[in-house]
Structure formats: structure tokens, C-alpha cells
Amino acid sequence: MSARVPALLVMHADLAAALLRAAGTVYGPIEGVNVLSNEGQSRAQLEGRIASEVGAWPAGGLVLTDFWGGSCHLCGAAALHGRGELVIVTGINLPALLDYLHNRDHYPVLELAERLQKKGQESIRVQRGQPA
Amino acid sequence: MSWILHRIDDRLIHGQVVIAWGERLRPQRIVVADDASASNAWEREVLGSSAPGIEVSVLGLAAAAAMYESEQARAGGAFLLVRDLPSAHAMVVAGAPIPSLMLGGLHYAPGKEKVNEYVYLDAADRRAARALLDRGVKLEVQDVPASRPLSLESIDAAVRTS
């Protein structure tokens with residue numbers, strides 16, 4: 001058992017709140033995960049809000065964002081400077097978020113981040129229809 | 001070919017640039033012209049890795065202005081990104097013959113007035129816009145390819161008298 005790894009979801013429009021709500025319907029009531037939207041935020045404003053959230057994590061944590069190269073990722077990356085105990089995972093989907101919730105008390109930050117990356121990638125599969 | 005997009009956006013590289021415009025125009029290079037980013041090694045590293053498959057350069061405004069014409073002669077398309085209107089004006093004053101600029105995202109900050117949902121300007125922004133217009137630089141407001149470009153002067157009366 002590790003200390004719980006905190007997480008912040010930062011995504012476009014209402015996605016973070018919607019994803020967390022969807023996770024709640026599968027996982028049950030969720031505590032300790034905050035959400036931010038990039039909507040209407042300048043780079044400086046979003047960087048400031050993320051820095052304020054992760055500033056409350058002395059032992060580090062995860063910033064979970066939607067896609068690599070988006071403002072959520074890049075503004076989160078600004079907060080990582082000088083904070084080796086913080087990790088960003090991009091491309092977060094519902095299976096990855098659920099995996100975080102189930103495992104946030106069991107892995108240290110980096111191991112958990114790598115686990116979420118694997119889980120998110122493995123959850124994207126193709127199932128073809130049967131020809132008539 | 002070279003310059004295929006000149007954009008003013010306080011987020012610099014982000015989804016609208018890499019995904020929306022990137023998929024539409026397929027640039028080979030992105031030049032971020034921004035003094036603050038260029039002077040910060042971490043920021044250079046983060047921006048440099050933000051657009052897989054696209055070469056990203058992060059330069060100060062003077063350096064970006066100095067390379068503007070040589071970039072124009074290169075094969076493949078390039079995006080130019082600057083943070084705000086005064087920065088764009090500084091590049092033009094420094095000698096970059098930029099023909100037009102897209103105002104793609106200038107978000108709210110104290111003292112700025114709303115022009116539309118994603119463009120907010122203050123007096124300094126409008127002075128820079130006026131100076132650019134007076135130099136013959138076309139200013140259009142557009143966030144993503146699917147939205148209709150509008151001239152800044154047509155939607156912001158204040159810039160006409162700045």
C-alpha cells in the first residue's frame with residue numbers, strides 16, 4: 001500500500017467533469033479528484049490554476065489531460081518544471097480513469113502513470129462486424 | 001511555399017493549432033516567436049515536443065523576424081505563432097514582411113474588452129492592431145478552419161479609431 005496519489009483532470013470544455021461523472025456511475029462516489037476546463041482561459045490563466053492545484057501536493061501526483069500538444073497538456077507541463085514528482089498522462093479515457101481510481105492507493109506516482117498509459121492504450125480495440 | 005499560417009494566439013501551440021489547422025494545412029514546421037518562451041529552457045523543451053512529426057522552433061521576436069524571409073524560401077509549409085498583437089507588431093517593425101495575421105485566441109484578462117468569444121483587446125492591443133493595419137497587414141479573426149474569417153475592423157469599431 002502506497003500513499004494515495006492525487007490527480008487533477010484538465011481537459012477541453014466540459015470533458016473533465018463529464019468523464020469524472022461517468023466514472024462515478026461505474027466506480028461509485030469519487031473523492032479527491034479535482035477537474036479544470038481550459039474553456040475561456042489564456043495560457044497564463046490556465047497555468048496559474050493548475051499550479052495552484054498541484055501546489056497542494058508536496059509528494060506529487062498526476063495531471064490527467066486529453067490530448068498531447070493541447071493547451072491542457074502544455075499548461076500542465078509548465079507546472080512540472082522543478083517538480084520531478086509530478087507526472088502528466090495525456091489521452092486519458094474512461095478505462096484509464098477507472099484504473100486510476102482502483103489503483104491510486106497501491107502504486108507510486110510514476111508506476112501508476114505508466115500503468116494508466118498501458119491501460120488506456122489497451123482499451124482501444126477494434127471489433128469487426130460479422131459479414132452477412 | 002513556406003508560410004501558410006500567421007496566427008496570434010496567447011496559448012501559442014495548442015489543440016486548435018496542432019489538430020484543427022495542422023490537419024487542414026499539414027505544416028512541416030512551426031515557428032513560435034515569443035521572447036518569454038525562447039528564454040526559458042523548459043518551455044523550449046515542452047513546446048519542442050508538443051507537435052509530433054512537426055519541427056518546432058522557439059525563437060525570440062528579433063530572431064524570428066531575422067529568419068522570416070529565409071524561411072519563406074524553404075520547401076514545405078510553416079506556421080508562425082505569436083502571443084499577442086504588440087509582439088506581432090514588433091516582428092513587423094523588426095523587418096518581417098508579414099502580409100496578414102489571424103487573431104485566433106486572445107483571452108480575457110483584466111482591462112481587456114470583449115470583441116467576440118475568443119478575442120479580448122485592451123488599448124495597447126488596439127494601438128498595435130492599428131499600427132499593423134496602417135502598414136498594410138491584414139488582420140482577420142478566426143479560431144478554427146470551420147469558422148468564417150472576419151476582418152478585425154468589421155467587428156471592433158474601437159480599432160478603427162485607435
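Colleague: Which residue stands opposite A:L62 in strand 4 of chain A?

Modeller: This is a predicted model, and in it A:L62 stands opposite A:V87 of strand 4 of chain A. That pair belongs to the parallel pairing of strand 3 (residues 61–65) of chain A with strand 4 of chain A, which extends over four bridges.

Colleague: What is the order of the strands in the open sheet of chain A, and what is the sense of the pairing?

Modeller: In general, the side chains of a regular strand alternate between the two faces of the sheet. In chain A, four strands form an open sheet in the order 2-1-3-4, and the pairing is parallel. Strand 2 (33–37) and strand 4 (86–89) of chain A lie at the edges with a single partner strand each, so one side of each has no neighbour in the sheet. Neighbouring strands of this sheet are turned against each other by 20° on average, direction ignored.

Colleague: Which strands of chain A does helix 3 of chain A touch as it packs on the sheet?

Modeller: Helix 3 of chain A touches strand 1 (7–11), strand 3 and strand 4 of chain A, and its direction makes about 170° with that of strand 4 of chain A. Helix 5 (residues 109–122) of chain A lies across strand 3 and strand 4 of chain A, and it runs at about 25° to strand 3 of chain A.

Colleague: At what angle do the axes of helix 2 and helix 3 of chain A cross?

Modeller: Two packed helices are described by the angle between their axes and the distance between the axes. Here the axes of helix 2 (residues 43–54) and helix 3 (residues 71–79) of chain A cross at roughly 55° and come within 8 Å. The two helices of chain A, helix 2 and helix 3, are therefore oblique to each other, and their crossing is right-handed. On the side of helix 2 of chain A, the contact is made by A:R43, A:L46, A:E47, A:I50, A:A51 and A:V54, while the residues from helix 3 of chain A include A:C72 and A:C75.

Colleague: What is the order of the strands in the open sheet of chain B?

Modeller: The seven strands of this open sheet in chain B follow the order 3-2-4-1-5-8-9, with mixed pairing. Its edge strands are strand 3 (55–59) and strand 9 (150–151) of chain B, each of which pairs on one side only. Strand 1 (residues 2–9) of chain B is mostly covered, with seven of its eight residues buried. Strand 1 of chain B pairs in the parallel sense with strand 4 (residues 77–82) of chain B over six bridges, and within that pairing B:S2 has B:G77 as its bridge partner, while B:L5 stands opposite B:F79. Strand 1 of chain B also runs parallel to strand 5 (residues 100–105) of chain B, to which three bridges join it; there, B:D9 has B:G105 as its bridge partner.

Colleague: Which residues of helix 1 of chain B are buried, and what covers them?

Modeller: An α-helix has 3.6 residues a turn, so residues three or four places apart point the same way. In helix 1 (residues 15–25) of chain B, the buried residues are B:G15, B:V17, B:V18, B:W21 and B:G22. Their cover includes helix 3 of chain A together with strand 1, strand 4 and strand 5 of chain B. Just after helix 1 of chain B, B:R26 takes a positive phi of about 50°.

Key: Residues numbered from 1 in each chain as written. Chains lettered and ligands numbered in written order. Predicted model: local features only at pLDDT ≥ 70, side-chain atom pairs only at ≥ 80, totals over all residues. Heavy atoms only, no water. Buried < 20%, exposed > 50% of the residue type's maximum accessible area, 1.4 Å probe, protein only. Pairing = 2+ DSSP bridges. Axes fitted to C-alpha atoms, helices over the stretch in contact; angles between N-to-C directions. Parallel < 35°, antiparallel > 145°, perpendicular 65-115°, else oblique. Left-handed = near helix turned anticlockwise from the far one by under 90°. Contact = heavy atoms within 4.5 Å.
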